[in-house]
Amino acid sequence: MMATKNVFLHAVMNGDVNKVELDYTQEEWDALTEKQQRDVVAEYRDDVVELFVATTDDE
């Protein structure tokens, strides 16, 4: 039996690569519409990238 592999979401920030395994095989991923794929990426984004807003003080 052939093993199925899940796809990964990769993010590169300042040369550092982070990744998280998605709960989709390649075949399942390919069957999703582009909107569904974007929704999945948005769902997992926080697992690979930390986004925040902050003020900076001018010195």
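Reader: Among contacts in the protein between residues at least 6 apart in sequence, what percentage join residues at least 24 apart?

Author: The share is 22%, where contact means heavy atoms within 4.5 Å. This is a predicted model, in which local features need pLDDT of at least 70 and side-chain atom pairs count only at pLDDT 80 or more, while totals for chains, interfaces and linings use all residues. Residues are numbered from 1 along each chain as its sequence is written, and side-chain values use heavy atoms, with hydrogens and water left out.

Reader: What makes the protein more spread out than a compact globule, and in what order do its elements run?

Author: From the N terminus on, the order is β-β-α-α, with helices (H or I, at least four residues) and strands (E, at least two) taken as DSSP runs and numbered from the N terminus. Along the principal axes, the C-alpha atoms fill a box of roughly 65 × 25 × 15 Å.

Reader: Why is the pair of Y24 and W29 called edge-to-face?

Author: Rings of Phe, Tyr and Trp (its six-membered ring) pair if their centres lie within 6.5 Å, and planes under 30 degrees apart count as stacked, over 60 as edge-to-face and the rest as tilted. The ring centres of Y24 and W29 are 6.2 Å apart and their planes stand at 70 degrees, so the pair is edge-to-face. A search of the whole structure finds this one aromatic pair.

Reader: Why do the buried residues of helix 2 line one face of the helix?

Author: The buried residues of helix 2 (residues 34–44) are Q37, V40 and Y44. Seen down the helix axis, they fall within an arc of 60 degrees, so they line one face of helix 2; the arc is that of the directions from the helix axis to the C-beta atoms. The face turned away from this buried side carries the exposed residues E34 and R38. Strand 1 (6–13), strand 2 (16–25) and helix 1 (26–31) are included in what covers the buried residues of helix 2.

Key:
Buried means under 20% relative accessible area, exposed over 50%, partly exposed in between (1.4 Å probe, protein chains only).
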